[in-house]
Amino acid sequence: MPKASKAAVLLTVPHLNRTASPYNEMMSIAKYLPGDEFGLTICSLRDGGFAETAPILNEMGVRCFVAPFRPTGHTTKHFFASYCEQKTIDRHGPFQIQHSLDFTSSPFEGIMARARSRLFVYNQRNLNENGHKRLLKIKAACAHRIISISTTVSQFLVSMGIPPTIIRKIYN
């Protein structure tokens, strides 16, 4: 019987800087994700930390690249540029799963993942301070799973009307 192929996972992060979040979470996923079941590729929104972190990830067998997977501004120009940049992501794929460690309330990434038939997972680590409630609800509606880092965050998500069946609590 032929061995099943690995599920291709795209992990998106805002940057690869060692001194800022979500570096530790990203490196834990790179280190502990079962390599016999999943093929991990990391996409960074910006090139910060790329020169120092890419060699470490490559040594671990994890591919990485930079592409603006979500708009960095609120104009049509920014949205169009990010939409076009999805081709860069596609060239590194295809991916079955897209896991976001980008902690904004922007639903753009979830919408693009769904449009490309990827399962969308994201981490919610806060109570959406300075975020937009409606945008977070749209992002959650795109998600197949939401990783909550605490009971408080899980309760917050449920209070927003997000089904508890898609929320999984995993402490940092």
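Mentor: Here is a walk through the salt bridges, then the cavity, the pockets and the cysteines. Keep in mind that this is a predicted model, so every value here is computed from it.

Side chains of opposite charge can pair when their charged atoms come close. Searching the whole structure for such pairs turns up four salt bridges. We'll look at some of them.

Take Arg-70 and Asp-102. Their side chains meet in a salt bridge, with 2.3 Å from N to O. The two residues sit 32 residues apart, so to speak, in distant parts of the chain: Arg-70 belongs to the loop between β3 (63–66) and α3 (76–92), while Asp-102 belongs to the loop between β4 (97–100) and α4 (108–115). Are these two buried or exposed? Both Arg-70 and Asp-102 are buried.

Now move to Asp-90, which has two partners to show you. One of them is Arg-116, with the closest N and O atoms 2.9 Å apart. Another partner is Arg-118, and here the closest N and O atoms are 3.0 Å apart. That pair also links distant parts of the chain, since Arg-118 is in the loop between α4 and β5, 28 residues from Asp-90 in helix α3. Put together, Asp-90, Arg-116 and Arg-118 form a network of salt bridges.

How open is each member of that network? Asp-90 is partly exposed, at 34% relative accessible area. Arg-116 is partly exposed too, at 26%. Arg-118 has a relative accessibility of 3%, so it counts as buried.

The whole structure has one cavity of 30 Å³ or more, and the largest cavity has a volume of about 50 Å³. Asp-102 is one of its lining residues, which also include Phe-103, Thr-104, Asn-123, Arg-125 and Lys-139. β5 (119–124) and α5 (133–142) each supply at least two residues of that lining. Sorted by class, the lining has two nonpolar, six polar and three charged residues.

Thr-104 and Ser-105 line this cavity, and they turn up again in the largest pocket, among the residues closest to its centre, along with His-74, Ser-106 and Leu-135. This pocket has a volume of about 380 Å³, and its lining divides into seven nonpolar, eleven polar and two charged residues.

The second largest pocket has a volume of about 250 Å³. Its lining has nine nonpolar, two polar and no charged residues. Among them are Val-9, Tyr-32, Phe-38, His-99 and Val-121. α1 gives the most to this lining, with three residues.

One last stop: the cysteines. How many disulfides are there? The count comes to zero. Cys-64 has Cys-43 as its nearest cysteine by sulfur, but that sulfur is 9.6 Å away. For Cys-142, the closest cysteine sulfur is again in Cys-43, and at 18 Å it is too far for a bond. Cys-64 is buried, with a relative accessible area of 14%, and Cys-142 is buried as well, at 12%.

Methods. Residues numbered from 1 in each chain as written. Predicted model: local features only at pLDDT ≥ 70, side-chain atom pairs only at ≥ 80, totals over all residues. Heavy atoms only, no water. 1 Å grid on protein atoms, 1.4 Å probe; cavity = no way out; pocket = protein on both sides within 12 Å on 5 of 7 lines; lining within 4 Å. Points joined across faces, edges and corners; volume = space filled by probe spheres on them. Helix = DSSP H or I, 4+ residues; strand = E, 2+ residues; numbered from the N terminus. Nonpolar A, V, L, I, M, F, W, Y, C, P; charged D, E, K, R; others polar. Buried < 20%, exposed > 50% of the residue type's maximum accessible area, 1.4 Å probe, protein only. Disulfide = S-S within 2.5 Å.
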